[in-house]
Amino acid sequence: MAIDKVNGTNGAIQHTPAELDASKLVTTLANELKPVPTPESLVFGETKTDHMLVVNYDPVNGWSAPEIKPYGPLSFDPMSSCFQYCTNIFEGMKAYVGPNGEARLFRPEKNMARLARSAKRVALPPFDTSVVLTLIKRLIEVESRWIPSLPGYSLYVRPTIVGTRSALGVAASDSACLYIIVSPTGPYFRGVAKGISLLAEGDCVRAWPGGTGGHKLGLNYAPGFLPQRTAAKQGYDQILWLLGEEEKVTEVGAMNVFIAVKREDGDVDLITPALDGTILPGITRESTLALANAHTSGKVHLPGVPQTLRLHTHERDLTMAEIAKYHEEGRLLESFGVGTAVVVAPIGRIGWKGKDLVLPAYEGGLGPIGQGLWTTIVDIQTGKKDYEGWSVPCF
């Protein structure tokens, strides 16, 4: 409910839309609960749980009371901004089962900060990120039976905000719906012992300088569907997005990308493209850089990677020609994509200019650096290992 205040200077009434308030949460549980499928049968993003959380904003009343209620369709006016002008943003997070059976989130404050940046970029109504995080935790508490306990499995969490201004005029949406859904999931890629295959694509772009690639917006994804379909017809799993005449590497599908390059002194350069506005600042990307640096400093030991091996991290422009050169020289040791859905996924080959660059093969797919990062991140996510408070209990 909006709050009216009297201005002490001139006696005028000031109208203040209500802030998002977790204390107003209303919970309506489903009368009948769905059966939980076996983890092995899960396909990413297809299983719907029993409940969702919904809260609406309008410019007069502000944020409504949040509600956890049975999962079901949402109803929006056909003129809604989300349909007409793609004022849609979202986040991708995961809840994991901890050592004592507790639900945990991985660096959730990072997701909340990115959600707020995305909302600001498309002029959606503001909100308190700490309140959104509290609401996410409450929904996870209600749906905790859906969190798979097998290693590599989790409950995917999708907070979404869509503009609901019901007018066709081209303008920012002053109304919105924030909803949160969850879905149990297993490994994003299955059967990738040889690594995923990529088609290097420069004719189409995922994002462009000055655009929205650095934000998690729905409009960033649809333009990639046709090129992805084309890549699949040619026998590749994903697109390696290139930008400009110099063919700068940006992302792998919807993942950040890393390459490991052997140095003359025996150390390894771990390189990822710089955040130039065309690349999403991934939480797993940031964590990968931090853990690689921590390994080099001795603060963390990546399993399977000699403690004496120094990993020199670099965030810089990286071209496809450079990758080809490292490959030709025999210095390209590993390449992998990182992201919430995959954690760390090996890259096995890259199609570029009509030829395939076949990367070094490792048993299981990931090389020692990628595998060490995957193991360490998953151990932190599930609370088996403590690092910098990254794993946060939900309740």
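Q: How much area is buried between domain 1 and domain 2?
A: Buried area is the accessible area (1.4 Å probe) that two parts lose on being put together, summed over both. Here domain 1 and domain 2 bury about 2100 Å² between them, and carbon and sulfur atoms give 63% of that. Keep in mind that this is a predicted model, where local features need pLDDT of at least 70 and side-chain atom pairs count only at pLDDT 80 or more, while totals for chains, interfaces and linings use all residues. Residues are numbered from 1 along each chain as its sequence is written, and side-chain values use heavy atoms, with hydrogens and water left out.

Q: Where do the two domains run?
A: Domain bounds come from an automatic or database domain assignment. In this chain, domain 1 covers 22-185 and domain 2 covers 196-385. Contact means heavy atoms within 4.5 Å; it takes 24 residues from domain 1 and 23 residues from domain 2.

Q: How many salt bridges cross the interface of domain 1 and domain 2?
A: A salt bridge is a side-chain nitrogen of Lys or Arg within 4 Å of a carboxyl oxygen of Asp or Glu. By that rule, two cross the interface of domain 1 and domain 2, and a search of the whole structure finds 18.

Q: Which residues does E286 link up with in a network?
A: R107, K110 and E286 form a network of salt bridges. The closest N and O atoms are 3.3 Å apart for R107 and E286, and 3.0 Å apart for E286 and K110. Helices (H or I, at least four residues) and strands (E, at least two) are DSSP runs, numbered from the N terminus. E286 lies in helix α5 (residues 283-297) and K110 in helix α2, so this pair ties together parts 176 residues apart in sequence.

Q: Are E286 and K110 buried or partly exposed?
A: Buried means under 20% relative accessible area, exposed over 50%, and partly exposed in between (1.4 Å probe, protein chains only). E286 is partly exposed at 32%, and K110 is partly exposed at 28%.

Q: What about the salt bridge of D50 and R145?
A: Their side chains meet at 2.8 Å, N to O. D50 is in the loop between β3 (26-27) and β4 (51-58), and R145 is in the loop between α3 (129-142) and β10 (154-163), 95 residues apart. D50 is buried at 3% relative accessibility, whereas R145 is partly exposed at 38%.
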